[in-house]
Amino acid sequence: MRIGELARRAGVSTRAVRYYEQRGLIRSRRSANGYREYDESDVPIVSEIRELMSVGFTLEDARPFVDCLRSGHSSGGSCPESVAVYRRKLAEIDRQIRDLLARRSEVAAQFADACPGCLLTRRGES
């Protein structure tokens, strides 16, 4: 299939497909007229990359998931290397949550000092 069809079926732009190829996550062949040609197996790979990136994974994070799909697994997250990336990403998100909660607490304390008697609501409105 050509690049436009792969992009459409995977829900990405042709520019994204070219970028994934440039980064070595997918491969194309060139037809006689020079057009990129992709295999049917590239659709779930590109879809997996898109899904991972939509929740904050990087292209490098996606590499083990791609390798897992290429090795014949139906899910990119079913290989030990992918599970390790999931664990690392969850730990990173947990750290970010802790940091945000600490920052929120500090800002709330500064607000309370700056505006004694002001009510701090759940949405941070006074």
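**Entry 1, overall layout.** I noted before anything else that this is a predicted model. I looked up the secondary structure and found five helices and two strands, which follow one another along the sequence in the pattern α-α-β-β-α-α-α. I then checked the dimensions: the C-alpha trace spans about 75 × 30 × 20 Å along its principal axes. The radius of gyration is 22 Å, whereas a compact globule of 126 residues would have a value near 14 Å.

**Entry 2, H1 against H2.** For each helix pair I looked up two quantities, since two packed helices are described by the angle between their axes and the distance between the axes. The axes of H1 and H2 (residues 14-22) come within 8 Å and cross at roughly 100°, and an angle from 65 to 115 degrees counts as roughly perpendicular, so I recorded H1 and H2 as roughly perpendicular to each other. On the H1 side I listed Ile3, Gly4, Leu6 and Ala7, and on the H2 side Thr14, Val17 and Arg18. Sorted by class, the contact of H1 with H2 has four nonpolar, two polar and one charged residues.

I next took H1 (residues 3-10) with H3 (residues 42-54), which pack at an angle of about 50° with their axes 9 Å apart. That angle makes H1 oblique to H3, and I noted the crossing of the two as right-handed. The residues that meet are Leu6, Arg9 and Ala10 from H1, with Asp42, Val43, Val46, Ser47 and Arg50 from H3. By class I wrote down four nonpolar, one polar and three charged residues for the contact of H1 with H3.

How are H3 and H4 oriented relative to each other? Their axes come within 10 Å and cross at roughly 150°, with H4 covering residues 59-70; because angles over 145 degrees count as roughly antiparallel, I recorded H3 and H4 as roughly antiparallel to each other. The crossing of H3 and H4 is right-handed. From H3 the contact draws on Pro44, Ile45, Glu48, Ile49, Leu52 and Met53, and from H4 on Leu59, Ala62, Phe65, Val66, Leu69 and Arg70. In the contact of H3 with H4 I found 10 nonpolar, no polar and two charged residues.

I then turned to the UniProt record, whose unreviewed entry gives "domain: HTH merR-type" for residues 1-68. In the model, residues 1-68 are 59% helix and 6% strand, and the end C-alpha atoms of this span lie 22 Å apart. The unreviewed UniProt entry also places a "coiled-coil region" at residues 83-110. Over residues 83-110 I found the chain to be 100% helix and 0% strand, with the end C-alpha atoms 41 Å apart.

Key. Residues are numbered from 1 along each chain as its sequence is written. This is a predicted model: local features need pLDDT of at least 70, side-chain atom pairs count only at pLDDT 80 or more; totals for chains, interfaces and linings use all residues. Side-chain values use heavy atoms; hydrogens and water are left out. Axes are lines fitted to C-alpha atoms, for helices over the stretch in contact, and angles run from 0 to 180 degrees between N-to-C directions. Helices (H or I, at least four residues) and strands (E, at least two) are DSSP runs, numbered from the N terminus. Angles under 35 degrees count as roughly parallel, over 145 as roughly antiparallel, 65 to 115 as roughly perpendicular and the rest as oblique. A crossing is left-handed if the near helix is turned anticlockwise from the far one by less than a right angle, and right-handed if clockwise. Contact means heavy atoms within 4.5 Å. Ala, Val, Leu, Ile, Met, Phe, Trp, Tyr, Cys and Pro count as nonpolar, Asp, Glu, Lys and Arg as charged, and the others, Gly among them, as polar. UniProt positions are given in the numbering used here, feature names are shortened, and annotations may be inferred rather than shown by experiment. The radius of gyration is taken over C-alpha atoms; the globule rule is 2.2 Å times the number of residues to the power 0.38.
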